[in-house]
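Please have the viewer open as you read.

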Amino acid sequence: MSELLYNSLREIYPLSATDFEEITKIMHHKKYKKNERILDFGKIEKKTNLVLNGIVHQEIMIEDEIFTTDISLSEMYFNNLKSYLEETPSVEIQTAITDVEVLYLTKEQAEKLRYENHAFCYIYAKSWEKTHLEREKRSYLLQKKNAFKRFELFMQTNQNANRYLQEVPQKLVANYLNLTPETFSRIKKEYFLKK
């Protein structure tokens with residue numbers, strides 16, 4: 001676990017052993033069983049999570065219809081940002097799709113560490129940038145009316161697209177792209193035939 005975290009953080013910033021120790025001593029470790037809720041509707045998000053193993057599905061309900069907001073795989077960060085920042089009840093549900101193992105920091109711990117540890121502050125900022133860049137790219141691709149173009153843009157702009165196709169149940173990837181499972185299957189086949 002610590003080697004995975006160390007390597008993940010070192011990709012962002014050349015951490016010293018002291019900096020790494022300072023970060024890890026306040027991180028918490030938690031495991032969730034398949035289908036267990038990590039965050040439920042109406043609860044307040046109080047932590048930032050890093051997936052070590054497994055798949056986390058984040059979804060919202062609008063007018064009795066469920067929409068995928070994000071899917072987090074190993075080495076990806078997740079939280080319900082609006083609830084986290086505003087300390088308001090979450091409109092998002094986070095569920096373990098598989099058995100999941102996470103490391104997390106509470107909001108208070110993250111704030112304190114950002115003030116005290118330059119390396120962590122830099123890593124934290126870069127990780128948030130990366131996460132939100134992926135969400136912005138997805139927001140753009142969802143504006144595409146043409147299903148094929150939407151899938152093509154997903155494959156071209158999401159650095160984890162192939163991981164999603166290999167690791168995530170396909171109906172969730174279809175929902176992530178706002179496609180029906182049937183359309184997703186047809187478009188995916190068409191896309192790879194053209195390659």
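Asp-99 sits in the loop between β7 (92-96) and β8 (100-106), where helices (H or I, at least four residues) and strands (E, at least two) are DSSP runs numbered from the N terminus. The model is predicted, so to speak of local features pLDDT must be at least 70 and side-chain atom pairs count only at pLDDT 80 or more, while totals for chains, interfaces and linings use all residues. Residues are numbered from 1 along each chain as its sequence is written, and side-chain values use heavy atoms, with hydrogens and water left out.

**Asp-99 and its surroundings**

- Asp-99 is partly exposed, at a relative accessible area of 47%; buried is under 20%, exposed is over 50%, and partly exposed is in between (1.4 Å probe, protein chains only).
- Beyond its neighbours within four places in sequence, Asp-99 is in contact (heavy atoms within 4.5 Å) with Tyr-32, Lys-33, Lys-34, Asn-53 and Gly-54.
- With its side chain, Asp-99 reaches the backbone nitrogen of Lys-34 at 2.9 Å.
- Glu-111 is twelve residues from Asp-99 along the chain, and their C-alpha atoms are separated by 29 Å.

**Positive phi at two asparagines**

- Asn-35, in the loop between β1 (28-32) and β2 (37-39), has a phi near 75 degrees, a positive value in a residue other than glycine.
- Asn-35 is exposed, with a relative accessible area of 56%.
- Asn-178 lies in the loop between α8 (170-176) and α9 (181-194), and its phi, near 60 degrees, is also positive in a residue other than glycine.
- The relative accessible area of Asn-178 is 47%, making this residue partly exposed.

Terms used:
A polar contact is a pair of N or O atoms within 3.5 Å; within protein, one must be able to donate a hydrogen and the other to accept it, and residues adjacent in sequence count only if both atoms are side-chain atoms.
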